[in-house]
Amino acid sequence: MSTEIDFDVFLSYNKVDKDAVENIAHFLREAGLKIYLDRWNLVPGTDWQDDIEKALNTSLTYAVFLGAEELGPWDHVQMRAALTLQVEEKGRRVIPVLLPGADWLERSRMPLFLTLFAPVDFRSGLDDAQARHELISGIKGIAPSSSIAPDPSEYPFRGLQVFEEPHAKFFFGREALSAQLVKALKNKRFLSVTGPSGGGKSSLVRAGMIPQIRQGQLDGSQDWPIVLFKPGPHPLAMLAARLIPETVTADNRLKTQKAYLAELKQDESGLHRIIQTRLSNAPDNRYLLLVVDQFEELFTLCTDDEARSLFIANLLYASGLPGGQTLVVVTMRADFFGHCADYPALAARLSDHHALVGSMQKAELRRAIEEPARLVKVEYEKGLVDTILGDLGDGPGRLPLLQHTLWMLWEEGRRGNYLTTDKYHEIGGVQGALAQWADNVYGQLKPEQQELAKQILLRLTKPGEKTEDTRRRASLTELLPDGRGAGQVARTIDRLVNARLLTAGKNESNEGVLEIAHEALIRHWPLLRGWINEDRANLLLQSRLTDAADEWKRKKKEVSYLFLGSRLTEIETKLADTDFSPLEREFVQASVAARTAERQAHRYRRLRRIGTTGLFVMLLTVIGFIIWQTSSPWNQIFDNDQVWSLAATNETLPTYYLGTKDSGLRRSTDGVNWTKLDTANGLPRGVGEPGRDTPAIQKIAIDGQNPKHLFAFVSRHGLYQSLDAGDNWQITGSSGLINGGIIDLAVWGDLVLFVTSIADGYGLYASQDSGQNWNVIGGQGDMQFGKVYTVHIDNRGEYLYVGAETGFHRFSLMKPIDSSRWEEIDDLLPVSLIESSPGDNEIFYLVTANPEEVATIYSWQPGLKTVQWQTDVEEQPIVLVPYPDQSGQTLAYILFINNRVFALQRNGQMTVLNREPAGIALALVLKPHPSEDRLWLLLGHENGLFEYAGNLNSPK
């Protein structure tokens with residue numbers, strides 16, 4: 001076949017028959033077929049005609065549904081295209097499907113060519129088993145046998161999917177425990193079903209306990225309404241949606257949901273009032289059974305503490321009030337039991353009202369394996385059940401692996417009425433079947449779909465923080481981009497759903513949502529496990545962003561819920577290449593706008609503090625600015641690229657290095673000619689990809705012992721080292737280093753210090769073998785440092801200085817680098833920047849500020865107290881370079897986050913260096929001029945490299 005096939009069948013229909021067609025589509029998908037249904041696959045805002053044409057071209061079978069109404073014009077166009085494909089390409093099929101109300105005998109109403117094909121007849125009803133069997137056989141291109149294919153609800157094994165109430169007759173091995181749960185509800189109106197992940201809690205309640213309730217095992221329970229749901233990120237809204245009686249019409253459901261939600265939010269008795277109203281005319285023995293499955297989602301997905309607390313309070317009140325008519329059953333993973341301790345009333349209720357789901361015993365497992373097969377008249381090859389039980393072993397979390405293996409045997413391993421040992425080993429056995437299946441599904445995707453599948457699966461994973469990783473639900477609007485490529489994403493999702501790696505459902509707004517089929521996939525699929533571990537820090541950050549954006553939306557986009565300061569900076573630097581969802585993108589943009597507004601407001605407050613006396617100074621400033629407009633002292637000396645980093649050796653005649661965004665690393669000894677250190681010597685030039693704004697050469701560091709020993713951090717590539725002034729490079733190792741984005745870098749001989757922004761804060765790593773192996777020595781929220789913001793080695797290589805959340809610390813390099821107690825120099829909090837003057841009489845300059853606060857500048861010398869030079873600095877300093885002669889009037893030059901360069905004077909004043917070039921300034925360095933007897937101040941800028949042509953000589 002010349003065309004690559006994406007779908008088994010394309011469904012074409014008149015819009016008046018959409019509900020009937022969707023009913024059949026669900027059955028076909030349950031049977032494992034890949035379906036194209038426009039209602040499922042078309043993405044709003046895309047060219048739907050192109051998408052349909054592509055889907056039709058890549059579908060093996062074309063099924064046209066005929067109801068009481070004639071086909072529409074567009075259906076005729078689709079049908080003609082399908083007939084053409086059927087003629088031109090061998091193997092294509094066209095199947096007419098008759099729906100209730102269709103009249104196949106009235107040929108005049110049917111397209112002529114369509115009458116040549118044998119139809120599948122559903123006119124007697126959509127649940128016609130023979131018609132379903134014929135349709136599946138026709139799509140697969142095989143003759144229908146005399147036996148009718150089983151309904152998916154009749155499949156004896158569930159794979160990764162939970163056993164639901166319709167599958168109760170295949171649910172074996174838990175009969176005794178199911179009866180215990182029902183018995184417990186005779187005397188208790190609240191019950192927690194707790195156990196390890198993969199222990200079968202959900203199936204136990206859904207297919208074990210609930211069917212017995214329906215059968216009237218408790219007095220009058222056959223008439224009890226049962227409400228079952230997962231709490232998700234919005235538990236109150238989900239509860240309100242699921243409480244709506246089935247008798248409420250579609251037009252009134254939204255109105256009823258809003259009324260219920262308002263009732264639940266009013267106080268803890270809201271749920272009780274709703275249920276009392278629903279059961280007001282019912283007998284006294286009528287209860288409403290509320291089943292909250294996966295109760296741990298209150299802690300993994302819900303970020304609203306108030307909503308969580310009110311949800312819990314409503315459950316406890318309704319199930320604890322004497323004379324109430326509410327029974328509550330929750331299922332919860334055992335490792336989240338401790339989270340409930342923060343809610344004393346819940347903890348007390350759980351301690352007295354919980355059932356522990358332990359591991360199934362061997363006899364119970366044998367029943368779970370043998371009995372479902374017996375019901376469908378299928379037998380295991382002799383010895384196979386014992387082999388499965390032996391491979392399964394002991395311990396929790398085994399049931400999903402067992403069920404998936406049995407499902408694969410049922411789907412692929414039947415030889416007549418036997419399940420064979422050969423096929424069991426072929427699919428990988430209990431321990432390997434799941435991973436092998438997932439690998440095969442992933443391997444059959446196109447390369448671009450594989451990358452999409454990776455991103456989708458990671459989006460649906462929530463990395464654990466002191467707990468196991470869990471799955472999360474995401475709406476289709478979060479997973480589908482709002483532009484080009486949305487159709488490809490939709491097709492990838494459809495493939496993953498059809499393969500049972502993902503499951504589809506509805507949220508509290510009746511919007512389509514997806515989740516990973518079972519957490520066993522996260523634990524037992526090495527490929528997915530590797531993706532998660534590889535990018536854990538950014539996944540945690542992404543998860544926090546998603547939660548924050550969702551919370552902001554629910555709080556009606558109140559400004560106080562936006563990210564500011566370090567949280568926003570971390571998002572901008574570490575997730576610069578991430579495809580945000582529309583809501584996340586809006587949240588980040590709003591945060592940036594709020595940060596800008598806050599800075600402007602801060603400037604305004606400072607101007608107001610100047611008072612009337614300062615008006616004259618302000619006037620002079622305005623006049624000065626006009627003068628700057630006419631003559632700027634900044635000269636551009638390099639304009640080939642954006643200059644993101646600068647460094648220079650501490651020699652009489654320095655060598656200068658500049659790192660750019662796209663054109664790589666440059667070197668100069670005369671300040672005029674900049675030698676390009678190209679990619680042939682082992683250093684990546686950088687990606688330069690359209691739309692990416694992360695720099696390529698992000699940081700340059702020079703060894704304090706050897707000026708020819710360089711390090712360069714290349715974004716998205718890693719840390720590189722050169723021993724010959726940049727002529728040749730090799731990448732350093734990453735063993736032990738969690739690289740979440742570089743913040744600072746310092747080098748002395750073989751000692752390399754690396755400050756990186758990671759999930760739990762800014763961390764400090766040390767390598768004592770030139771960057772090959774790393775050990776964490778500070779940060780990550782430890783008690784000694786907290787977050788580490790900057791690292792510095794003195795001019796003699798005697799001490800390592802650290803600026804951290806907890807202050808200003810140093811460590812003698814005469815000792816081995818470890819995490820032992822460091823000397824605290826001062827209790828300045830926090831220290832975000834450290835630089836020192838050249839020469840033996842070294843003076844250290846410190847900047848204290850949280851990223852979102854105003855800054856203070858200090859100086860310090862060993863043996864002396866710190867000296868405060870400036871407080872309440874308007875903007876955050878990002879680079880400080882000390883003046884080499886510390887006896888003069890000027891102490892240092894400072895580049896601020898607002899792109900302006902100031903001189904810090906000995907009298908404490910900040911003097912602006914005239915007008916800076918327009919745009920974003922990125923780096924600053926001060927060294928002797930290579931050919932003239934003066935100091936040379938260089939500014940790395942988005943428009944290139946600039947030198948300051950004014951007089952920098954400080955008067956004595």
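At 4% relative accessibility, Asp6 counts as buried, because buried means under 20%. The model is a predicted one. Asp6 has a charged partner: Lys446 forms a salt bridge with this residue, and the closest N and O atoms are 3.5 Å apart. Asp6 sits in the segment before strand E1, while Lys446 sits in the loop between helices H18 and H19, so the pair ties together parts that are 440 residues apart in sequence. Lys446 is buried too, with a relative accessible area of 19%.

Asp6 also meets Arg495 in a salt bridge, at 3.8 Å from N to O. Arg495 belongs to helix H21, so this pair ties together parts that are 489 residues apart in sequence. Both Arg495 and Asp6 are buried. Side chains of opposite charge can pair when their charged atoms come close. The structure holds 33 salt bridges.

Now look at helix H14, residues 362-375. At 1.5 Å a residue, its 14 residues should span 20 Å, and the end C-alpha atoms are 20 Å apart, which agrees. A salt bridge joins the side chains of Glu371 and Arg374, at 2.7 Å from N to O. The two are three residues apart in H14, which means about one helical turn separates them. Salt bridges with shared partners also link Lys230, Glu297, Arg471, Arg473 and Glu515 into one network.

Glu371 counts as buried, at 15% relative accessibility. The other buried residues of H14 include Leu365, Ala368 and Ile369. What covers the buried residues of H14? The cover includes strand E11, helix H15 and helix H16.

Helix H6, residues 175-184, has its own buried set: Leu177, Ser178, Leu181 and Val182. They cover an arc of only 145° around the axis, so they lie on the same side of H6. On the other side, Ala176, Gln180 and Lys183 are exposed. Strand E6, helix H7 and strand E10 are among the elements that cover the buried residues of H6.

Finally, consider the backbone. Most residues other than glycine have a negative phi. Lys377 has a positive phi, near 60°. This residue lies in the loop between H14 and E11. Ser770 also has a positive phi near 60°, and is found in the loop between strands E30 and E31. Are these two residues buried or exposed? Lys377 counts as exposed, at 66% relative accessibility. Ser770 counts as buried, at 9%.

Key:
Residues are numbered from 1 along each chain as its sequence is written. This is a predicted model: local features need pLDDT of at least 70, side-chain atom pairs count only at pLDDT 80 or more; totals for chains, interfaces and linings use all residues. Side-chain values use heavy atoms; hydrogens and water are left out. Helices (H or I, at least four residues) and strands (E, at least two) are DSSP runs, numbered from the N terminus. The expected span of a helix is 1.5 Å times one less than its number of residues. Buried means under 20% relative accessible area, exposed over 50%, partly exposed in between (1.4 Å probe, protein chains only). Contact means heavy atoms within 4.5 Å. The arc is that of the directions from the helix axis to the C-beta atoms. A salt bridge is a side-chain nitrogen of Lys or Arg within 4 Å of a carboxyl oxygen of Asp or Glu.
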